[in-house]
Amino acid sequence: MRIVSGMRPTGKLHLGHYLGVLKNWVALQESHDCHFFVADWHALSTSYEDKLNLKELGRDLVKEWIAAGIDPAKSTLFVQSAIKEHAELYVLLNMITPLGWLERNPTYKDQLSQMEHKDIHTAGFLTYPVLQAADILLYGADMVPIGEDQKPHLEITREIVRRFHHLFACEVFKEPKEMLTETSRLPGLDGRKMSKSYNNAIYLSDTPEEVWEKLRRAKTDPQRVRRNDPGDPDVCLVFDYHKALTEDAVVQKIDADCRAGTIGCVDCKKICAQSIEKVLEPIRERRAKLDDATIDEVIQKGNEAAHAEAARTMERANDAVFEISCHP
Ligand code: TRP
Ligand code: SF4
């Protein structure tokens with residue numbers, strides 16, 4: 001089973017990325033043939049004005065992946081913009097994609113209204129689902145792990161496949177299925193969505209001291225003034241972290257102790273810090289062993305493997321379009 005998924009290189013990853021996406025990728029690579037790529041062209045679709053060093057951000061992202069447990073011996077890791085076939089297939093697919101499919105895309109409309117601080121009334125932003133379709137189809141993905149917001153893009157991908165097959169009378173591509181990954185419910189330390197722009201995240205690269213400092217300041221049940229005041233874990237952010245990270249039996253005990261007023265918030269946070277460290281420590285250890293040269297080698301090898309596959313698919317697509325000859 002071939003899995004393809006991409007991530008935009010926009011800076012360091014946080015615990016929400018790990019629980020929502022990476023943990024799933026790490027598990028998938030044990031049983032599936034996985035291709036994970038740095039979606040740097042996609043990053044440009046919304047950040048073309050930001051002067052991002054995408055080369056460096058791409059390398060950093062792959063380093064985060066490997067530190068988080070993605071194994072380059074099991075998964076193919078590559079950089080989208082290094083494989084020119086993504087752009088080539090994007091051109092062909094753009095020719096046959098009706099504007100209405102893109103304009104009606106609910107994710108497109110949402111993002112236009114949410115990102116008012118950016119001018120994304122561009123061809124690139126409108127058509128990025130077409131680029132995404134190219135990403136997926138070049139590698140014959142059976143399954144694409146994505147979050148809920150990306151569902152319309154998978155639907156567009158399948159529609160493009162059917163239209164291509166119909167127009168060129170040749171079944172070049174595979175229709176991919178989505179694998180919905182539950183977006184992590186882990187809120188940021190201020191109760192809002194965990195996000196770099198809110199400065200409320202715990203990063204995979206944080207030191208134990210940084211994690212503790214952030215946790216220490218996190219708000220708990222505001223009704224608890226004294227240590228033995230009964231509390232309500234359901235209104236406490238720290239408890240959300242426990243639910244996501246701490247063993248069930250311990251979570252139940254914390255729930256009961258909090259309600260009875262027999263555990264203090266500082267002690268509760270210390271247990272929480274331990275749960276976070278259980279995730280971050282192995283990531284920290286792997287990261288310490290990685291240097292840029294090693295990452296560049298991984299990317300180089302991944303790019304070569306990806307390119308060979310992409311070129312084969314592209315040849316069949318071009319045959320269908322330019323020679324009306326079919327090699328399904
Ligand atoms: N569009 C995705 C996002 O913004 C990233 C992405 C690009 C992707 N190409 C992909 C995801 C192909 C899955 C498959 O998160
Ligand atoms: Fe939150 Fe724990 Fe304090 Fe209860 S004891 S309010 S769950 S930090």
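**The disulfide and its surroundings**

Author: The S-S bond of Cys-170 and Cys-326 has a torsion of about 85 degrees, so this disulfide (a pair of cysteine sulfur atoms within 2.5 Å) is right-handed. A disulfide is a covalent bond between the sulfur atoms of two cysteines. The model is a predicted one, in which local features need pLDDT of at least 70 and side-chain atom pairs count only at pLDDT 80 or more, while totals for chains, interfaces and linings use all residues. Residues are numbered from 1 along each chain as its sequence is written, chains are lettered from A and ligands numbered from 1 in the order in which they are written, and side-chain values use heavy atoms, without hydrogens and water.

From S to S, Cys-170 and Cys-326 are 2.1 Å apart. Cys-170 sits in the loop between helix H9 (151–168) and strand S5 (177–180), and Cys-326 in the segment after helix H14 (292–322), so the bond ties together parts that are 156 residues apart in sequence. Helices (H or I, at least four residues) and strands (E, at least two) are DSSP runs, numbered from the N terminus. A search of the whole structure finds one disulfide.

The two partners can be described by their accessible area. Cys-170 is buried, with a relative accessible area of 2%, whereas Cys-326 is partly exposed, at 37%. Here buried means under 20% relative accessible area, exposed over 50%, and partly exposed in between (1.4 Å probe, protein chains only). Two further cysteines are also buried: Cys-34 has a relative accessible area of 0% and Cys-236 one of 11%.

Next come the nonpolar cores, each a set of buried Ala, Val, Leu, Ile, Met, Phe, Trp, Tyr and Cys residues joined through side-chain atoms within 4.5 Å. The largest has 53 residues, of which Leu-15, Leu-22, Trp-65, Tyr-241 and Ile-276 touch the most other members. Helix H13 (residues 265–288) gives the most to this core, seven residues. Domain 1 (2–186 + 292–323) and domain 2 (196–286), with bounds from an automatic or database domain assignment, both contribute residues, so this core lies between them. Apart from it lies another core, of 43 residues, and here Cys-170 returns as a member, listed with Leu-92, Val-144 and Met-314 among others.
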